[in-house]
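This briefing is for a reader meeting the structure for the first time.

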Amino acid sequence: MTDRAELGRFLRARREALRPADVGLVPGGRRRTPGLRREEVAMLASMSTDYYERLEQARGVNPSETLLAALARALRLSTDERDHLYAVAGYQPPQGLSHDGYADPGLMHILDSLKDTPAQIVDGLGTVVIQNPMAIALLGPLVDRPGHEDNGAWLWFMRPALRGVYAEEEHEAIGRTIVADLRASVFRHGHHPCGQALVDELCNGSKEFAALWDLGEVATVRSTRKSVLHSQAGRLDLQCDVVLSPVTSKRLFLYRPQPGTETAERLEFLRVLGTQSFAS
């Protein structure tokens, strides 16, 4: 059962402990009370201000696990604080490879600071947890899509028409890298049910994936080159670097321009284009 009084107290305390700069927001204006405003937390968690206010005021709301994960991200909770949030809301804290939608404060801080660089946080199975605006402008929105449509491996093998965003000469290498990385994650966590379910679905739905899986290749992605063919910015030759959180095994993928190419200028064009799109 949800301990609504403790849930409200905890959310309020964590909100008041934060400053706008802590979550990548511009301070702006005088504040009558310390910490973030309720509407700022609601915006960061992609929920209505009224719903968040009812949570803080213990007014008969039972949040889902998805909403709890969004709140944990928005409030930059540590793993201990996240687990407490789940406990007072009446849930078991996420374990292992479960797609919990959580990203720890260290990775979130880095993501917040990357204003001009596309970056996104993914879990151990390659499911996208959160993207910054530049990553959305580069790759499109990939968060909170139905089923496994927010998972990179599932999209690559079950929606092959979407591969056109990457240079064709890289397709084979990208596919093998995805499968080798997924294999490393699944077995590292001891055949976790979430990982095994994803592998089973891919093996049944894609002969290409099944053939690559049978190769038994294992390789954790740490840094790799990718060429993105953007409909408006043109070809972007990128180095995809990976920052790993040792606490949660979440990974931050950041896409920086390859030296000696025109990608830096094209990313700047993409940034301006994205800003205009978001403003509209």
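The model is a predicted one.

**Helix α9**

- The buried residues of α9 are H171, I174, G175, I178, V179, A180, D181, L182, R183, A184, S185 and V186.
- After α9 comes G190, which has a positive phi, near 65°.

**Nonpolar cores**

- The largest nonpolar core has 37 residues, and those touching the most other members are L138, F157, L182, L202, F209, L236 and L270.
- At least two residues of this core come from each of α7 (133–139), α8 (152–158), α9 (171–188), α10 (193–205), α11 (207–214), β4 (234–244), β5 (251–257) and α12 (263–279).
- Another core, of 28 residues, lies apart from the largest one, and L7, A42, Y51 and A70 are among its members.
- Leaving aside residues up to four places away in sequence, L270 touches M134, A137, L138, H230, A233 and L236.
- In soluble globular proteins, nonpolar side chains tend to be buried together.

**Largest pocket**

- The volume of the largest pocket is about 1,000 Å³.
- This pocket is lined by 42 residues, of which L44, R73, M108, I130 and Q131 are the closest to its centre.
- Its lining takes at least two residues from each of α2 (38–44), α4 (65–74), α6 (105–113), β2 (128–131), α7 and α12.
- Helix α4 gives the largest share of this lining, seven residues.
- Sorted by class, the lining of the largest pocket holds 23 nonpolar, 10 polar and nine charged residues.

**Second largest pocket**

- The second largest pocket holds about 750 Å³ of space.
- Its lining has 31 residues, and G152, A153, Y166, I178 and K226 lie nearest the centre.
- Two or more lining residues come from each of β1 (119–122), α8, α9, β3 (223–230) and β5.
- Helix α9 provides the largest share of the lining of this second pocket, six residues.
- The lining of the second largest pocket divides into 18 nonpolar, six polar and seven charged residues.

Definitions and conventions:
Residues are numbered from 1 along each chain as its sequence is written. This is a predicted model: local features need pLDDT of at least 70, side-chain atom pairs count only at pLDDT 80 or more; totals for chains, interfaces and linings use all residues. Side-chain values use heavy atoms; hydrogens and water are left out. A nonpolar core is a set of buried Ala, Val, Leu, Ile, Met, Phe, Trp, Tyr and Cys residues joined through side-chain atoms within 4.5 Å. Buried means under 20% relative accessible area, exposed over 50%, partly exposed in between (1.4 Å probe, protein chains only). Helices (H or I, at least four residues) and strands (E, at least two) are DSSP runs, numbered from the N terminus. Contact means heavy atoms within 4.5 Å. On a 1 Å grid over the protein atoms alone, a cavity is a set of points where a 1.4 Å probe fits but cannot get out, and a pocket is an open set with protein on both sides within 12 Å along at least five of seven lines; lining residues have an atom within 4 Å of a point. Grid points are joined across faces, edges and corners, and a volume is the space filled by probe spheres set on the points. Ala, Val, Leu, Ile, Met, Phe, Trp, Tyr, Cys and Pro count as nonpolar, Asp, Glu, Lys and Arg as charged, and the others, Gly among them, as polar.
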